[in-house]
Structure formats: structure tokens, C-alpha cells
Amino acid sequence: MLRPLALCLCLLPAPVLADEIEEALSAALEAYQAGDTTFALEELDFARAKLQEMKADALIGFLPPAPEGWRQEIDEDMAIGLGMMGGGAGASASYYPEGGGSAVTITLMADNPMVAGMAAMVANAGAIGASIERVNRQQFAAQDDQMMAMVANRILVQAEGGSPERLIPFLEAMDFRALASWGL
């Protein structure tokens, strides 16, 4: 005798449809096996774009919340810009004071060729005339209303829009240890 719950489970449709990434990967494999490399590449590109979107969405969670008296605006077009710079994942938000005034922008970029190029510059901040600031055990190069750091040698954190005294409170609200293990 079937219990009511078991009976309900038997009436459910066969396995739920796979997500769109799985569907794209399956379609790419089928197209490859059928000799249609053009469609296979299109499906792989689609799956890659969706995976990058997932990574970027996860990266957004590391941006600091807006402090009291400020509002946050997430840059929804960050992925488009990264695509033109060689790919990777990124997240950016601008913070505006409620009473008006200039914005502070925090940008995170990872898995991008530009990030690798910036690593040497950040590591040798003194050589380029930048001062060194420590925020939550993370070293930042500070110069010209901008602060930059490399987290885990693969994630660029960039704060713009004022002196270190203005930018540091935003950076102090970030969890750099958790960010270091992002995407691993």
C-alpha cells in the first residue's frame, strides 16, 4: 500500500529539466558528435558566458554594503566591459552620499589578463610613488584618490573617489580572507 506522500512523488514528472548551462553543454556535445562544430562552439560560448555570470554574481557579494548616509548602485554592465578586456569576472559598485557630492567606487576583477599586469605595479607601490596602507591585514597602494590591492595574487580590489581616509571605511567593511578563497 502506497502512502499519500509516496503516491504524490510517483505522480511527479520525470527528472526536472537541467539548468541552461547543463543544456548548453549537452547541446554542444551533441553538436560536436554530429560534426556541427559551429553550433558546438556557440553552445560552449553560451555556457561559458553563463558560468562567468554566476562567478560575477558571487563576486558582487564581496562588495561592501553602503554605509549609513550613502546609497549603493551596482554596475550591471561590468561583465560587458570585462569581455572587451579579455574576459574574467568582476563586480563594481558606486556609493553616493545622500546629501550629494562625489561618489566612491569599489571594483573587483579576477581571472583577467589586466589583473595579472596590475599585480607587479601593486607589489612595487613604492617604486611608482604610491604610499602603502593596511586595511584588515591587506596591503593597498594609495595614489591620486585611488587605492589598489591584490588579494590572493589573483583578485584586484580597486577603490576610487577620494583620499585614503575617505576610502578606507568602505574597504574595512570587506572580508578579504573570504574573497581570497572565492572561486576556488
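Buried denotes under 20% relative accessible area, exposed over 50%, and partly exposed in between (1.4 Å probe, protein chains only). The model is predicted: local features need pLDDT of at least 70, side-chain atom pairs count only at pLDDT 80 or more, and totals for chains, interfaces and linings use all residues. Residues are numbered from 1 along each chain as its sequence is written, and side-chain values use heavy atoms, with hydrogens and water left out.

**View A. Leucine 44 on helix H3.** Helices (H or I, at least four residues) and strands (E, at least two) are DSSP runs, numbered from the N terminus. Leucine 44 belongs to helix H3 (residues 37–60). Its relative accessible area of 41% makes leucine 44 partly exposed.

View B. The buried residues of H2 are Ile21, Ala24, Ala27, Ala28 and Ala31. Seen down the axis of H2, these residues fall within an arc of 125° (taken from the directions from the helix axis to the C-beta atoms), so they line one face of the helix. The face turned away from the buried side of H2 carries the exposed residues Glu30 and Gln33.

**View C. Arginine 137 between strands E4 and E5.** Arginine 137 lies in the loop between strand E4 (131–135) and strand E5 (138–143). Although arginine 137 is not glycine, its phi is positive, near 70°. With 66% relative accessibility, arginine 137 is exposed.

**View D. Aspartate 144 between strands E5 and E6.** The loop between E5 and strand E6 (146–151) contains aspartate 144. This residue, not a glycine, has a positive phi of about 50°. Aspartate 144 is exposed, at a relative accessible area of 68%.
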